[in-house]
Amino acid sequence: MKFQSKTEIHYGQNSIDYMKTLNAKFAFVVADQLMVKLKLVKKVTDLLDQQSIPYEVFDSIEPNPSLETVRKGLDRIIKTKPDLLVAVGGGSVIDAAKAIMYFCIKTKEKLIETDAIRKPWFVAIPTTSGTGSEVTAFSVVTDTQRHIKIPLVNTMMIPDAAILDPEFTRTVPPFVTADTGMDVLVHAIETYVSKETSDFTDIYAKKAIKEVFTYLVRAYKNGNDMEARQKMQEASCMAGIGFTNAGLGVNHSLAHAVGGLFKVSHGRANAILLPTIIAYNARLGNTLHSVAKRYANLAHELGFPASTDEEGVRSLIAAVKFLNQELGIPSSFKAHGIDPQDYRNQIDTMAKNAMADTCTPSNPRKPALEEIKSLFETVYKP
Ligand SMILES: [Zn+2]
C-alpha cells in the first residue's frame with residue numbers, strides 16, 4: 001500500500017508571491033486566451049519580469065486540449081529548454097501542461113544521449129476550484145482525429161508546486177463555480193467509498209466534503225467572498241490528493257460517457273449523477289451494501305440525521321439534491337436539455353464506454369452492463 005503527496009502547496013491570499021522566490025534561466029508559461037484576457041497571465045509574467053527571468057507564453061490551449069496542441073507545446077519546449085514550467089488556468093490548461101511534460105519526459109528518454117531537455121520545475125496555478133489537477137498524476141488529452149480521449153497517468157506529471165491564490169479564482173462566473181465545486185464533492189465522496197480508500201485518503205476526503213457543504217453556496221452566491229473562494233480552492237486540492245491515491249468510481253465513469261457525447265460540463269454531469277449513484281452503490285436489492293455505512297458516516301459527520309445506515313444514506317442523498325438545487329443545477333439530464341431520442345440512441349454506447357472507463361474498477365460495487373444502462377435511464381428522468 002502506498003500514499004503519496006509530493007506537491008509543495010502555497011496557499012492563501014498573496015501566495016502568488018512564491019513566484020518571487022524562484023530562480024530560473026528560462027520560463028515557459030502555459031495558458032489559454034481567457035487567462036490572457038483576464039490579465040492573470042500578466043500577473044505571473046510581471047513577477048518573472050521583476051526577477052529578470054526571460055519567458056515564452058504558450059497561450060493556445062483550448063478546452064479539452066488536443067494532442068495537436070500538446071505537440072505544438074512540446075516543440076516549443078524542446079526549442080526553448082525551460083527550467084521552469086508554469087501552468088496558469090483551469091483543468092484543461094494544467095492537463096495540457098502535464099501532457100507536454102509527459103511527452104517531454106518520454107522524448108527525453110529517447111534523447112537521453114544528447115541530453116536535449118531536462119525536466120523543468122513545474123508550478124501549477126489553478127484558476128478554478130474543481131479538478132485538483134495541480135496535485136494529481138492524471139491528464140486527459142483528446143485525439144481530435146480519432147474522436148477519443150487519451151488518459152495519461154504518470155507520477156512524473158505531478159506538479160512540483162501548486163499556488164492556491166484565491167485572487168486567481170475571483171472572476172470565475174457563478175455557474176462554473178457551481179459545476180466545478182460539485183466536481184470537488186464527487187471526487188471526495190468517490191475517494192471516501194473507493195475500493196482503494198485508506199485512513200490517509202479518508203482524512204483529505206472528509207475535510208474536502210465538509211468544506212464543500214460549508215463554502216460552496218457562499219462562493220456561488222458571492223464570487224467576491226474570498227474566504228469561501230480560498231476554502232473551495234483548498235477543498236479541491238485536498239480532494240485531488242485523495243483521488244490521485246484512492247481512485248474514483250462509476251459516478252465519474254458515467255459522467256465521462258455522457259460528457260463525451262453531449263454538451264454538459266464535467267462537473268455538472270457528475271452533480272446530476274451523484275444522488276443516483278449513491279443510491280445504487282448503497283443498496284443491493286432489499287439489503288444494504290456494506291458501503292452504506294460509509295455514506296451514513298459522512299451524513300453523521302455533516303450533522304444530518306443518521307440514526308441508522310439506511311437513514312444516513314437517505315440524508316446524504318437529500319443533502320446532495322438540496323445542494324444541487326441551491327446551485328441552480330438541474331435534477332436530470334432531461335432537465336438539462338438533452339434531447340430524449342438522442343439520449344436513448346446513445347445509451348448502449350455510453351454504457352459500454354462507462355464499463356471500460358478507468359474509474360470503474362475502484363467503485364465499491366462492480367456494475368453489470370445492464371445496471372449501467374438502467375442508471376443512465378434513471379438519471380435522464382429521476
Ligand atoms: Zn471530476
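Q: What covers the buried residues of H10?
A: The cover over the buried residues of H10 includes H5, helix H6 (199-221), helix H9 (266-282), strand S10 (287-288) and helix H11 (309-326), where helices (H or I, at least four residues) and strands (E, at least two) are DSSP runs numbered from the N terminus. The buried residues of helix H10 (residues 292-301) are Ala-292, Arg-294, Tyr-295, Ala-296, Leu-298 and Ala-299, and H10 is followed by Gly-303, whose phi is positive, near 85°. This is a predicted model, in which local features need pLDDT of at least 70 and side-chain atom pairs count only at pLDDT 80 or more, while totals for chains, interfaces and linings use all residues. Residues are numbered from 1 along each chain as its sequence is written.

Q: Why is Tyr-192 called buried?
A: A residue is buried if 20 or more other C-beta atoms, placed from the backbone, lie within 10 Å of its own, exposed if 12 or fewer do, and partly exposed in between; Tyr-192 has 26 other C-beta atoms within 10 Å and is therefore buried. Tyr-192 belongs to helix H5 (residues 174-193).

Q: Which residues is Tyr-192 in contact with, leaving aside its neighbours within four places in sequence?
A: With contact meaning that C-beta atoms placed from the backbone lie within 7 Å, Tyr-192 is in contact with Thr-197, Asp-202, Ala-205, Lys-206, Arg-294 and Leu-298. The C-alpha atom of Tyr-192 is also separated by 8.2 Å from that of Ala-246, 54 residues apart along the chain.

Q: What makes a nonpolar core, and which residues touch the most other members of the largest one?
A: Such a core is a set of buried Ala, Val, Leu, Ile, Met, Phe, Trp, Tyr and Cys residues joined through C-beta atoms within 7 Å, and in the largest, of 108 residues, Val-29, Val-30, Val-86, Val-88, Val-93, Ala-208 and Tyr-295 touch the most other members. At least three residues of this core come from each of domain 1 (8-169) and domain 2 (174-380), the bounds being those of an automatic or database domain assignment. Not counting residues up to four places away in sequence, Tyr-295 touches Val-193, Ile-278, Ala-282, Gly-312, Val-313 and Leu-316.

Q: How do you know that S4 and S5 pair, and in which sense?
A: Two strands pair if DSSP finds at least two bridges between them; strand S4 (residues 84-89) and strand S5 (residues 121-126) have 6 bridges, in the parallel sense, with Val-88 standing opposite Ile-125 in S5. An open sheet of 6 strands has the order S1-S8-S5-S4-S2-S3, with parallel pairing.

Q: What makes S1 and S3 edge strands?
A: Strand S1 (8-11) and strand S3 (55-58) each pair on one side only.

Q: Why is S7 said to lie largely in the open?
A: Of the 6 residues of strand S7 (residues 148-153), the number buried is 0, so this strand lies largely in the open. S7 is joined to strand S6 (residues 138-143) by 6 bridges, and the two run antiparallel, Val-141 having Ile-150 as its bridge partner in S7. S6 and S7 form a hairpin with 4 residues between them, and His-147 in the turn has a positive phi of about 55°.

Q: How many residues of each domain are in contact with the other?
A: 21 residues of domain 1 are in contact with 22 residues of domain 2, and S1, S7 and S8 are the elements giving two or more residues to the domain 1 side.

Technical notes:
Contact = placed C-beta atoms within 7 Å.
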